[in-house]
Amino acid sequence: MNMPDLSRPAASTTAADAAGVDFTALDAAAVDSLRSAVMRLGRRLKHQRVDESLSPTEMSVLGTLARCGSATPGELARREHVQPPSMTRIVALLESKGLVRLEPHPDDRRQKVVSQTEQAEAMLEESRRKRNAWLASLAEGLDEDEWAKLRAAAPVLEKLAHLTPPSGS
């Protein structure tokens with residue numbers, strides 16, 4: 001498959017052309033299907049939360065802290081693609097709920113470092129268990145061949161989730 005050139009202006013209305021991507025019709029259909037399925041599955045997974053009082057953004061920040069470790073609010077804002085003042089409000093809400101703590105930055109007294117609490121770790125673990133159980137129950141509807149293909153695709157989807165688009169996209 002050719003690598004997409006996402007910087008080209010769109011000139012057509014097909015899924016591939018609208019994105020400026022040089023795909024075959026089969027590739028375009030696969031991308032369209034993947035986008036639709038991932039979005040639908042993501043929306044359904046969001047409803048499988050343990051703590052309904054947290055927004056998806058707050059859960060995302062806790063997930064980022066769990067994956068990446070402690071960070072300044074500015075670093076979190078960059079990772080979460082939000083403006084720093086928004087992250088400051090999110091961190092304050094999470095702190096008021098006992099899910100993060102703020103500590104002095106070791107090198108810069110003007111900054112704080114945000115860390116998740118044990119309460120947040122336990123909530124995230126329970127959330128993962130609930131979502132995994134939900135996905136496993138869905139997977140029971142797959143036949144052996146479909147399940148084998150999904151197992152094989154999981155590492156590729158994980159990689160795709162962490163790739164950065166080419167510059168200029």
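**Figure 1. Leu-34 in helix α2.** In this predicted model, Leu-34 sits in helix α2. Its relative accessibility is 34%, so Leu-34 counts as partly exposed. Leu-34 also belongs to a nonpolar patch on the surface, together with Val-38, Leu-157, Leu-160 and Leu-163. The accessible area of these five residues comes to about 420 Å² together. Two helices, α2 (25–46) and α7 (144–162), each bring at least two residues to the patch.

**Figure 2. Helix α2 and its two sides.** How far apart are the end C-alpha atoms of α2? They are 32 Å apart, and this agrees with the 32 Å that its 22 residues should span at 1.5 Å a residue. The buried residues of α2 are Asp-27, Ala-28 and Leu-45. Seen down the axis of α2, these buried residues fall within an arc of 135°, so they line one face of the helix. If you look to the other side of α2, you will find Ala-25 and Leu-26, which are exposed.

**Figure 3. A salt bridge between Glu-58 and Lys-97.** Here Glu-58 pairs with Lys-97, and the closest N and O atoms are 3.6 Å apart. Glu-58 belongs to helix α3 (residues 56–68), while Lys-97 is in the loop between α5 (84–96) and β1 (100–104), so the pair ties together parts that are 39 residues apart in sequence. Are the two partners buried or exposed? Glu-58 is buried, because its relative accessible area is 5% and the cut-off for buried is under 20%. Lys-97, with a relative accessible area of 29%, is partly exposed.

Figure 4. An α-helix has 3.6 residues a turn, so residues three or four places apart point the same way. Both partners are partly exposed: Glu-125 has 36% relative accessibility, and Arg-128 has 40%.

Figure 5. Glu-126 and Arg-129 are both in helix α6, 3 residues apart, or about one turn of the helix. Glu-126 is partly exposed at 33% relative accessibility, and Arg-129 is partly exposed with a relative accessible area of 45%. Salt bridges that share partners link Glu-125, Glu-126, Arg-128 and Arg-129 into one network.

**Figure 6. The protein chain as a whole.** Which order do the elements follow from the N terminus on? They run α-α-α-α-α-β-β-α-α. Of the 169 residues in the protein chain, 25% are buried. The accessible surface comes to about 11,700 Å², and 56% of this surface belongs to carbon and sulfur atoms. Among contacts with a separation of 6 or more, 46% are between residues 24 or more positions apart.

Technical notes. Residues are numbered from 1 along each chain as its sequence is written. This is a predicted model: local features need pLDDT of at least 70, side-chain atom pairs count only at pLDDT 80 or more; totals for chains, interfaces and linings use all residues. Side-chain values use heavy atoms; hydrogens and water are left out. Patches are made of residues with over 30% relative accessible area and no salt bridge: like charges are joined within 9 Å, nonpolar side chains (Val, Leu, Ile, Met, Phe, Trp, Tyr) within 5 Å. Accessible areas come from the Shrake-Rupley method with a 1.4 Å probe; for residues, only the protein chains shown count as cover. A salt bridge is a side-chain nitrogen of Lys or Arg within 4 Å of a carboxyl oxygen of Asp or Glu. Helices (H or I, at least four residues) and strands (E, at least two) are DSSP runs, numbered from the N terminus. Buried means under 20% relative accessible area, exposed over 50%, partly exposed in between (1.4 Å probe, protein chains only). The expected span of a helix is 1.5 Å times one less than its number of residues. The arc is that of the directions from the helix axis to the C-beta atoms. Contact means heavy atoms within 4.5 Å.
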